[in-house]
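Have your viewer open and ready to select residues by number.

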Amino acid sequence: MVEKPAHKKDAKPVQWLLLLPALALLICSFIPRGTESASGMNAEERRIAAALSRIEGAGETYVVIYTQESSLYSETGVPTGVLILARGAGDIAVQLRLSLAAQTLLNLPADSILIYPMEETP
């Protein structure tokens, strides 16, 4: 009978040990940051959403800010883009007003701003 070399027997536990840090990072990426509220927006996003919702015709808004440091907004990051969902965004005039306001508030070019109508909830 032929025995397998000792180093092959121990290969699987070592592979699992190498995968544990990657798995831990993946799990941590789904844990919400402490600055977010139940809405999923952080303080800056809530502040901007509140301002945008005051624009005539915009209605309820939801804002997600993207930065250089990460894919989502961080308190220290420089904004590189923004997603705006608004109830009234089906109207092109409302979209234009939202875009101009976001350009001013975040110092972003128009092509870094995405605006979509918010889904109607029953």
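Select valine 94 first: leaving out residues up to four places away in sequence, valine 94 touches Glu56, Gly57, Ala58, Gly88 and Ala89, where contact means heavy atoms within 4.5 Å. Valine 94 counts as buried because its relative accessibility is 2%; buried means under 20% relative accessible area, with a 1.4 Å probe and protein chains only. This is a predicted model, in which local features need pLDDT of at least 70, side-chain atom pairs count only at pLDDT 80 or more, and totals for chains, interfaces and linings use all residues. Residues are numbered from 1 along each chain as its sequence is written, and side-chain values use heavy atoms, with hydrogens and water left out.

Helices here are DSSP runs of H or I with at least four residues, and strands are runs of E with at least two, numbered from the N terminus. Which residues of α4 are buried? They are Val94, Leu98, Ser99, Ala101, Ala102 and Leu106. Show α3 (43-53), β1 (61-67), β2 (79-86) and β3 (113-117) too, as what covers these buried residues includes them.

Now look at the two ends. At the start of α4, a side-chain oxygen of aspartate 91 comes to within 2.9 Å of the backbone nitrogen of alanine 93. After α4 comes asparagine 107, with a positive phi near 55 degrees.

Finish on leucine 52: setting aside neighbours within four places in sequence, leucine 52 is in contact with residues including Val63, Ile84, Leu98 and Ala101.

Methods: Buried < 20%, exposed > 50% of the residue type's maximum accessible area, 1.4 Å probe, protein only. Polar contact = N/O pair within 3.5 Å; in protein donor to acceptor, adjacent residues only side chain to side chain.
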